[in-house]
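Below are my entries, in the order I made them.

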Amino acid sequence: MKKEFVVIGLGRFGGSICRTLAQEGMEVLAIDIDEDRVHEFSNIVSQAVVADTTDETTLKDLGIRNFDHVIVAIGDNIQASILTTLILKELGVKKITVKALNDYHEKVLAKIGADEIVHPERDMGRRIANNMISTNVLDYLELSDEHSIVELMASKKMDGKTLIEMDVRAKFGCNVVAIKRQNQIIVSPMAKEIIQEGDILIVIGADRDIDRFGKSIL
Ligand code: ADP
């Protein structure tokens, strides 16, 4: 069954979510208080309406409860974001994702029961800064404050060596969970797998261990 989404707030973040969901063929109800923004999305999503989501009756009338997932992407007004989330929660919406603007906002959202809280600007800033610092880090995914999955480019130094020769797990305490080689992906590579320069190693572990490993292969 197709999932049905509601996106509240059609700024850059909410708008980008709407476009992607619609491209993937999902049913999307897009809501914004601003008429021009709603008009912009009327041909993109299944339904676009002008509404102030801090008004409980409006949300009830839109049948918001029947949707699978509501995304609150109100970026400019913390009070409206919090109040909207609170009403959605009270109406019994199954899953609520909210964009937080700062730590204070996040704390309140967690307290009132938002299921998922995202910080797109902060996370993207961290990602870009990390990529700038380490020349061989291509991408990374934060698992917790101290653990990540990182894509590292295999250097000339590693070319022709096997994973066991490099002894990644014992020496650095992290694991190579996959290797990307051109169009191929080797999942759970064997210890005898021979690394080629330009391979992309997908490594999981504690940040400081991955950092040591990354520096050792430069
Ligand atoms: P971004 O940082 O993602 O670009 P913006 O701050 O530009 O976000 O966009 C947030 C959107 O949320 C705006 O289009 C604004 O009109 C909308 N919005 C703000 N308050 C409400 C509200 N109470 N109900 C519905 N939409 C709202």
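**Entry 1: confidence.** I began by noting that this is a predicted model. I looked up the scores: the chain averages a pLDDT of 92, and 98% of the residues score at least 70. For the complex, the predictor gives an ipTM of 0.96 and a pTM of 0.75. A reminder to myself: where pLDDT is low, the predicted coordinates should not be read in detail.

**Entry 2: domains.** Into which domains is the chain divided? I found domain 1 at 4-118 and domain 2 at 123-216. Taken over C-alpha atoms, the centres of domain 1 and domain 2 are separated by 37 Å.

**Entry 3: the ligand.** I then went to the ligand and listed its surroundings. There are 21 residues around the ligand, and those that come nearest are Gly-9, Gly-11, Phe-13, Gly-75 and Asp-76. Two elements give two or more residues to this shell, namely α1 (12-23) and β2 (27-32). Which element gives the most? My note says α1, with three residues. I also sorted the shell by residue type and got eight nonpolar, seven polar and six charged residues.

**Entry 4: helix α9.** I turned to α9, which spans residues 207-216, and wrote down its buried residues: Asp-209, Ile-210, Phe-213 and Gly-214. Why do I say that they line one face of the helix? Seen down the axis of α9, the buried residues fall within an arc of 135 degrees, so they do line one face. On the other side of α9 I noted Arg-208 and Lys-215, which are exposed. What do the buried residues of α9 pack against? I listed β7 (137-142), β8 (147-153), α8 and β11 (200-206).

**Entry 5: Gly-205.** Is Gly-205 buried or exposed? I counted 24 other C-beta atoms within 10 Å, and 20 or more are enough, so Gly-205 is buried. Leaving aside neighbours within four places in sequence, Gly-205 is in contact with His-147, Gly-173, Cys-174, Asn-175 and Ile-210. Ile-210 is also one of the buried residues of α9. I checked one pair across the sequence too: Gly-205 and Glu-146 are 59 residues apart along the chain, and their C-alpha atoms are separated by 8.6 Å.

**Entry 6: positive phi.** I looked for residues other than glycine with a positive phi and wrote down two cases. Asp-167 has a phi near 55 degrees and lies in the loop between α7 (163-166) and α8 (168-172). I noted 12 C-beta neighbours inside 10 Å for Asp-167; the cut-off for exposed is 12 or fewer, so this residue counts as exposed. The phi of Gln-182 is near 45 degrees. Where does Gln-182 lie? I placed it in the loop between β9 (175-181) and β10 (184-187). Gln-182 counts as exposed because it has 9 C-beta neighbours inside 10 Å.

**Entry 7: Ile-117.** I next opened strand β6 (residues 116-118), where Ile-117 lies. With 18 other C-beta atoms within 10 Å, Ile-117 is partly exposed. Not counting residues up to four places away in sequence, I found that Ile-117 touches Val-98, Ala-100, Glu-106, Leu-109 and Ala-110. I also took a C-alpha to C-alpha distance: Ile-117 and Thr-57 are 60 residues apart in sequence and 25 Å apart in space.

**Entry 8: Thr-58.** Thr-58 has its place in helix α3 (residues 56-61). I counted 16 other C-beta atoms within 10 Å, and Thr-58 is partly exposed. Its contacts, leaving aside neighbours within four places in sequence, are Ala-51, Asp-52 and Thr-53.

**Entry 9: Asn-102.** My last stop was the loop between β5 (96-99) and α5 (103-111), where I found Asn-102. Asn-102 is exposed, with 10 other C-beta atoms within 10 Å. From Asn-102 to Ser-81 I noted 21 residues in sequence and 12 Å in space, C-alpha to C-alpha.

Key. Residues are numbered from 1 along each chain as its sequence is written. This is a predicted model: local features need pLDDT of at least 70, side-chain atom pairs count only at pLDDT 80 or more; totals for chains, interfaces and linings use all residues. A residue is near a molecule or strand if its C-beta atom, placed from the backbone, lies within 6 Å of it. Helices (H or I, at least four residues) and strands (E, at least two) are DSSP runs, numbered from the N terminus. Ala, Val, Leu, Ile, Met, Phe, Trp, Tyr, Cys and Pro count as nonpolar, Asp, Glu, Lys and Arg as charged, and the others, Gly among them, as polar. Domain bounds come from an automatic or database domain assignment. pLDDT is the predictor's confidence in each residue, from 0 to 100. The arc is that of the directions from the helix axis to the C-beta atoms. Two residues are in contact if their C-beta atoms, placed from the backbone, lie within 7 Å.
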